[in-house]
Amino acid sequence: MGLARDHYQRPLLTDSALSPERFGYVHPGLPWQDILRAYDLDQLDLAMQMIDSAGVGLGGNQLGTLRMIGAEAEARSRAQQLGGHDWLSYELIVEEAAMAPEEVEVHVRGAVDDVGRRFGYSQRPPTLVTILPRDSFDQWTPSRYGYHIAKREFDKVCLPGRLTDDPAEFSEAMRHEYGHVMAFNRTLGRCPRWLHEAVAMVAANEGPSRMVPEWLGPHELDRAFRADDSYGEGETRVWFAYQQAHEIGRYLKGLKGEMGLGTLLDAFSDNSALKNVIMAVINQESEDEALRQVYGLGTRQVFENARPASH
Ligand SMILES: [Zn+2]
């Protein structure tokens, strides 16, 4: 794909395609393991062939993942490959998009440059931006507002095709997803989900966050993002999880600005070997160590301080 860069060190993803964090539990021995390995390598045709020959969805298991792979595969087969930068490529179904390819490129580049400038990030990890087919996303589809996925060799940002109708919304979504690309790479893949979303929400530069009914602890908050967000209660729960992450992101931004958030992400990976051993022995999490290093506050204090007064 011509995305490789000499000086760029890809965070190590050891069989991450099979991590329950990403796709839920996959029973060893089921074809899904091989399907997800192909997906991890972005071999979408191969993944779809295996899905077809194994039987669609294997009794309903992993239907959301199936839908996601299907949408990416359809984009791959129908889209034009654009870009031509060594670190940035696009897939766009030109006849479906309300924006011309050049316009998409302007908005993608604008979002990447904006996030890089604000958070002090000059690294350009190899990234593929895929505009998904318009008809591939329904209410029940997971991550239907767009998503970032760290593939084995590069980062992939997928945005729903309808976003091309609205340049402002497109840019906001792209800034959010590029916030994830940055958080993943700067922390070498160690960023917890709540901080991922905190950074992405601040990067998107959305309006003020809304009051959440219940202030969750770090592990509860991470779990809340994994709720089924198709309908009703689950959808509300996930929405509030984003609001709380945004609130925490705004709190940290208030302390040391967006540059400080960038420094925080770098602090995940600047430890000596000895420090890493000590952290393992005392069971300290990477984010707690990084927060103390940059803000002088541990995870628990940050959650306490960021909590609005009414809680
Ligand atoms: Zn996000």
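**α3 against α4**

I looked at how helix α3 (residues 44-54) lies on helix α4 (residues 63-78), and their axes come within 9 Å and cross at roughly 130°. I took the axes as lines fitted to C-alpha atoms, for helices over the stretch in contact, with angles running from 0 to 180 degrees between N-to-C directions. α3 and α4 are therefore oblique to each other (under 35 degrees counts as roughly parallel, over 145 as roughly antiparallel, 65 to 115 as roughly perpendicular, the rest as oblique). I noted the crossing of α3 and α4 as left-handed; that term applies if the near helix is turned anticlockwise from the far one by less than a right angle, and right-handed applies if clockwise.

For contacts I used C-beta atoms, placed from the backbone, within 7 Å. From α3, Leu44, Asp45, Ala47, Met48 and Ile51 meet Leu66, Ile69, Gly70, Glu72, Ala73 and Arg76 of α4. Sorted by class, this contact has seven nonpolar, one polar and three charged residues. Ala, Val, Leu, Ile, Met, Phe, Trp, Tyr, Cys and Pro count as nonpolar, Asp, Glu, Lys and Arg as charged, and the others, Gly among them, as polar.

**Ground rules**

I kept in mind that this is a predicted model: local features need pLDDT of at least 70, side-chain atom pairs count only at pLDDT 80 or more, and totals for chains, interfaces and linings use all residues. Residue numbers start from 1 along each chain as its sequence is written.

**Whole chain**

I got 12 helices and five strands for the protein chain, where helices (H or I, at least four residues) and strands (E, at least two) are DSSP runs numbered from the N terminus. Of the 311 residues, 38% are buried. Buried means 20 or more other C-beta atoms within 10 Å of a residue's own, exposed means 12 or fewer, and partly exposed is in between, with C-beta atoms placed from the backbone.

**Around α3**

I checked Asp45, which is in helix α3. Asp45 counts as exposed because it has 11 C-beta neighbours inside 10 Å. Asp45 and Glu74 are 29 residues apart in sequence, with 9.0 Å from C-alpha to C-alpha.

Asp42 is in the loop between α2 (32-40) and α3. Asp42 has a positive phi of about 60°, although it is not a glycine. I flagged that because most residues other than glycine have a negative phi. Asp42 has 20 other C-beta atoms within 10 Å, so it is buried.

**α6 and what follows**

Helix α6 (residues 167-186) has 20 residues and reaches 28 Å from first C-alpha to last, close to the 28 Å expected at 1.5 Å a residue (1.5 Å times one less than the number of residues). I found 15 of the 20 residues of α6 buried, so α6 is largely enclosed by the rest of the structure.

Leu188 is in the loop between α6 and α7. Just after α6, Leu188 takes a positive phi of about 55°. With 16 other C-beta atoms within 10 Å, Leu188 is partly exposed.

The axes of α6 and helix α7 (residues 193-204) come within 7 Å and cross at roughly 140°. That makes α6 oblique to α7, and I have the crossing down as right-handed. Residues of α6 including Glu172, Arg175 and Tyr178 are in the contact with α7, and by class that contact has eight nonpolar, four polar and two charged residues.

Key
Two residues are in contact if their C-beta atoms, placed from the backbone, lie within 7 Å.
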